[in-house]
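Hi,

Here is the structure I promised you.

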Amino acid sequence: MTHISRRTFLTGVAALGGTAFLPRMTFADTALPVLRAAPSTAQLAPAGYRATPVWAYATKGAGIIPGPEIRVTAGERIRHQLVNDLPQPTAVHWHGIRIENAMDGAAPLTQAPVPPGETFDYDFLAPDPGTYWYHSHDRGFEQVARGLAGPLIVEDREPWLGEPGAATRELTLVLDDWLLEGDAAIVEDRWDDLHAAAHDGRMGNTVTVNGRAYPDLDMRPGERVRLRIINTATARVMPLALPGLSPRLMALDGHPVPPRAVETILLGPAQRADVVIDMPLDPDVQIALLLDPGNEEWVDVAAFVATGEPLAPIEGEVRPLPAWSTLPVPDLSDPRREVLLMEGGAMRGMLETRYQGEVMDFRELASNGMAWAFNGVAHGMDAPMFRAALGRTVHLEMTNRSMFPHAIHLHGHHFEVLTRSGALNTPGDVRDTVLIGADETLEIAFVADNPGQWMLHCHMLSHQEAGMMGWFEVA
Ligand code: C2O
Ligand code: CU
C-alpha cells in the first residue's frame, strides 16, 4: 500500500519551521483535490487585535479557520490528497464517518503519520447523512488546538430544505475554544502540561464561532434555519442556549431525533447537534448564541442579526429530518460483553497501572506524561482492549471513576446509548461520541460490522494523550 509519495522539492523546507520560504503550491498537478495542512493566519479575535498564527487546512489558497467545508451526498465518495506542509507529521481523521479502516487516519494505528513534505491519498465512501467533521489525528492535542479541523457535511439523498415545515436555509456553526495570549497568539508552551491533562484538559479562553470571536450572523427576519453545530474544541464541554429562537433539536451526531423543543444543548468535544431555529419577524432584532463557560453564567459567543426583508414565517410543526437506517440493529439477546473502566486524573489517581508493559505507580506514570487509564492500562496501543467477530453485537459497559467528565469516541462505528447510571435511556440515542460524567456508568451497544483496528479514546485530547486511548479489533 503506497499512499505516501515524496515531493522532494519540499523536503526539508518545512523543517526550517518558517512559513516564509514555502514555495507556492500548485493545486492543479494532482489527480485528487488537495487538502493542504500548513501554517497560516486567521483573524480569530475581534478587529483591533492582530491575526493569530494558526495551522490550517486549505483546498485552495491559504489555510482557513475552520477548514474548508467538505460537502457530499450520502453514498458519494470523498477524495482528497492530504499535502503536509506542516513542520510535524500529521494525518486526517474523518470523525463519525463509518469508513473503511485504511482511510480512518488514526495514526499510527491505521496509517503511518505523513511526514512533512509528503502526501497521503484519502478516498472513501460517506455512507450516512449527517453533520460530521474532520481533524488532525496525530498530536491532536496540539494540532487540533492550533486549528486543524473543519466541517464535513453529508447531505440526505431525500430533499428536506424547502419542503413544507422544513427550514429554507442551513448554516454550519463550527465552535472552537482557543488558549490565546493578550496579543491573540496561541499559548505555545503548555501543549503537554500534565496538570491540565490531569484536570479537565487544555481549556481555552476564547470561544470562536466559524473562526471568529463574537461574530454577527446575518439572518432574515422570520426565516427558519437549520443549524449544524459542531464542537471542535479539544477540551471544553459546551452548554449552549438560543433563547428567543425557539430551538428544536433535530439530530445528534448525524442521527435524526424526533424534533423537540430544547432550552439548552449540551455538546462535549467532537459532538454535533442539528437544531432548527425561527428568527422573529422584528426587523431590528439581535439574538445571542449563549454558552455557559462552567459557572452557569451564560455569555454571548455570537449574535444572530436580522437584516433584509422579512420572510413569511413557517407555521406549524417542524418537519423531521429524513430517517435513514443503514445502521445494523444490535442483537441484545447474546452480545459480547466488555467493560471500559476509566481511572485517573487529579484527586482520584489510579492504582496498578500498566504503561508500555510495566506496572507503574502514580509518580512513575506522571514522569512518563501519563495521568489516565482504560482498564488499568495507560495509552494502551500495544494490544487491543477487546476483539469482536465481524457482525457480532458488542455490549460495552463504561464506568467513569474519575472526578472529570469524558467524551468517549469509538472509531468506525455508531453506537446506541442504552442506559445512563442504571436508568433506561431514550431509545434511538445513537452517537459516535458520548459524554460520561464523574462516577457515571453508561451501557452502549453496537454491531461490530466494520473490519479493522479501531481507536477508542477520550476526545478531550490532552486526556487522550495522557493515557485515555486504546483500540479494539473487528475481524
Ligand atoms: Cu475525532 Cu479519534 O477522533
Ligand atoms: Cu477525558
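To start with burial: 46% of the 475 residues in the protein chain are buried. Keep in mind that this is a predicted model.

On the overall build, the chain has 4 helices and 35 strands. Its radius of gyration comes out at 22 Å, close to the 23 Å from the globule rule for 475 residues, so the chain is as compact as a globular protein of that length. As for the contacts with a separation of 6 or more, 75% of them link residues 24 or more positions apart.

Now the domains. An unreviewed UniProt entry lists "domain: Plastocyanin-like" for residues 46–158, 171–280 and 368–474. I have numbers for two of these stretches:

- Residues 171–280 are 46% strand and 5% helix, with the end C-alpha atoms 17 Å apart.
- Residues 368–474 are 53% strand and 5% helix, and here the end C-alpha atoms are 30 Å apart.

One sheet to look up in the viewer is an open one with 5 strands, running β12-β20-β19-β14-β17 with mixed pairing. At its edges sit β12 (216–219) and β17 (264–267), each of which pairs on one side only. From one strand to the next, the twist averages 25°. Within this sheet, β14 (residues 238–241) pairs with β19 (residues 286–291) in the antiparallel sense, over 2 bridges.

Cheers

Key. Residues are numbered from 1 along each chain as its sequence is written. Chains are lettered from A and ligands numbered from 1 in the order in which they are written. This is a predicted model: local features need pLDDT of at least 70, side-chain atom pairs count only at pLDDT 80 or more; totals for chains, interfaces and linings use all residues. UniProt positions are given in the numbering used here, feature names are shortened, and annotations may be inferred rather than shown by experiment. Two strands pair if DSSP finds at least two bridges between them. Axes are lines fitted to C-alpha atoms, for helices over the stretch in contact, and angles run from 0 to 180 degrees between N-to-C directions. The radius of gyration is taken over C-alpha atoms; the globule rule is 2.2 Å times the number of residues to the power 0.38. A residue is buried if 20 or more other C-beta atoms lie within 10 Å of its own, exposed if 12 or fewer, and partly exposed in between; C-beta atoms are placed from the backbone. Two residues are in contact if their C-beta atoms, placed from the backbone, lie within 7 Å.
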